[in-house]
Amino acid sequence: MLAAVAGGVIGSALTCAIAIPVVNATGSADDNRPSSSTSSGADIDDLVNRGDGDTDQASDPGEVSDAGVLLVNTALQGGEGAGTAMVLTPDGLAVTNYHVVDNSTTVEVEVAATGETHEATVLGYDAAADVAVLQIDGVSDLDTVTVDDDGGVDVGDAVAALGNAGGQGFLSEVRGEVTSLDESITTTDQYNGNETEISGLIETDADVVPGYSGGPMFDAEGEVIGISTAAASTNGQDGPTSSAPGVQAQGAVQEGGGVSYARPIDEALDVVQAVIDGDEGDGIVIGTPAYLGVSIDPSGGEAVVAAAEADTPAGQAGLEEGDVITAIGDTEVSTFDELAAAVASYEPGDTVTITWQRDGREMSGEATLTESPLN
């Protein structure tokens with residue numbers, strides 16, 4: 001889970017509405033991941049299912065549909081995560097929050113309406129927008145979500161969200177209304193203290209809890225206006241309870257009373273378009289990132305190596321536990337974030353010079369970066 005403090009909730013903790021860690025679980029990377037979606041190069045506006053009516057701001061959302069909604073389960077290094085996602089095209093192009101799949105080794109999705117499970121590949125993402133694009137493996141004729149057609153979201157509009165509350169394995173629903181637009185928040189990882197700025201969000205009072213991240217935020221027509229992204233940690237952490245437990249069951253509806261944030265769906269679709277076009281840059285990362293293979297304590301003031309196994313690029317370059325990495329190529333680094341950004345600027349297969357300090361001595365070595373086992 002991520003915690004954050006946002007402008008509209010001074011002093012309150014926020015938690016990204018999702019990745020729920022479970023320790024002592026492991027997963028392995030799939031090195032045979034497809035490189036692109038079957039929708040590559042197409043116009044996403046021609047692919048998605050758009051609605052066909054005007055939003056009735058005076059009404060409450062009717063019964064929302066679970067068509068195209070996915071339960072997401074991820075294997076992490078030393079743990080597991082859970083979240084929600086949405087199917088955009090019948091051939092399995094899907095979207096979720098990046099933090100739902102961040103650092104995962106495998107991603108499994110379950111079609112909420114049928115219980116069918118499939119492996120999914122992370123095609124690309126924009127970490128700053130907190131949007132990731134998935135391709136579900138070996139599927140066709142999937143139901144999709146219905147995306148808002150009029151682009152209008154106003155304060156006071158009624159909303160409803162569906163999500164895998166608490167990683168419970170079935171969908172629950174919460175309702176509320178839009179309370180603010182174009183909000184910015186700072187999310188803070190509760191485990192390492194790393195902060196991420198996220199802006200341009202829809203603020204609502206729907207009582208979203210961990211597990212909803214990546215799921216749909218509907219308007220009064222039952223059309224998707226956004227992706228549930230973050231929520232106040234003071235929201236009901238147990239989430240709504242289901243009146244009919246089971247994968248296909250939708251939990252009891254809970255009304256507003258929390259603070260939550262959603263990424264506008266059209267902004268998320270801009271990321272999807274960039275990924276399927278192969279338009280990398282300006283925050284868009286496509287495919288498998290480069291991998292150095294060191295463990296770093298991100299809470300420290302320096303990029304101190306906690307581990308560098310012999311069969312990793314870092315180990316082959318000569319890095320050892322306790323070394324302090326000071327440069328990747330010509331880029332000086334002094335923190336975990338700077339090191340991560342420097343490595344991310346390269347592609348798998350690139351050979352780079354690593355510079356580090358050991359017992360007061362400057363040392364260097366070359367490493368050929370490989371494909372990351374982590375998304």
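Reader: Which residues form a negative surface patch?

Author: D43, D46, D277, D279 and D282 form it. Patch residues have over 30% relative accessible area and no salt bridge, with like charges joined within 9 Å. A salt bridge here is a Lys or Arg side-chain nitrogen within 4 Å of an Asp or Glu carboxyl oxygen. Keep in mind that this is a predicted model, where local features need pLDDT of at least 70 and side-chain atom pairs count only at pLDDT 80 or more, while totals for chains, interfaces and linings use all residues. Residues are numbered from 1 along each chain as its sequence is written, and side-chain values use heavy atoms, leaving out hydrogens and water.

Reader: Ok, and where is D282 found?

Author: In the loop between α3 (265–277) and β18 (284–286). D282 counts as exposed because its relative accessibility is 84% (exposed is over 50%, buried under 20%, partly exposed in between, with a 1.4 Å probe and protein chains only).

Reader: New topic: how many aromatic pairs does the count come to?

Author: One. The ring centres of Y98 and Y125 are 4.1 Å apart and the planes are at 15°, so the pair is stacked. Rings pair if their centres lie within 6.5 Å; planes under 30 degrees apart are stacked, over 60 edge-to-face, the rest tilted.

Reader: Which parts of the chain does the pair link?

Author: Distant ones: Y98 is in helix α2 (residues 98–101) and Y125 in strand β8 (residues 117–126), 27 residues apart. Helices (H or I, at least four residues) and strands (E, at least two) are DSSP runs, numbered from the N terminus.

Reader: Is Y98 buried or exposed?

Author: Buried, with a relative accessible area of 11%.

Methods:
Patches are made of residues with over 30% relative accessible area and no salt bridge: like charges are joined within 9 Å, nonpolar side chains (Val, Leu, Ile, Met, Phe, Trp, Tyr) within 5 Å. Accessible areas come from the Shrake-Rupley method with a 1.4 Å probe; for residues, only the protein chains shown count as cover. Lys and Arg count as positive and Asp and Glu as negative; His and the chain ends are not counted. The place of a charge is taken as NZ of Lys, CZ of Arg, CG of Asp or CD of Glu. Rings of Phe, Tyr and Trp (its six-membered ring) pair if their centres lie within 6.5 Å; planes under 30 degrees apart count as stacked, over 60 as edge-to-face and the rest as tilted.
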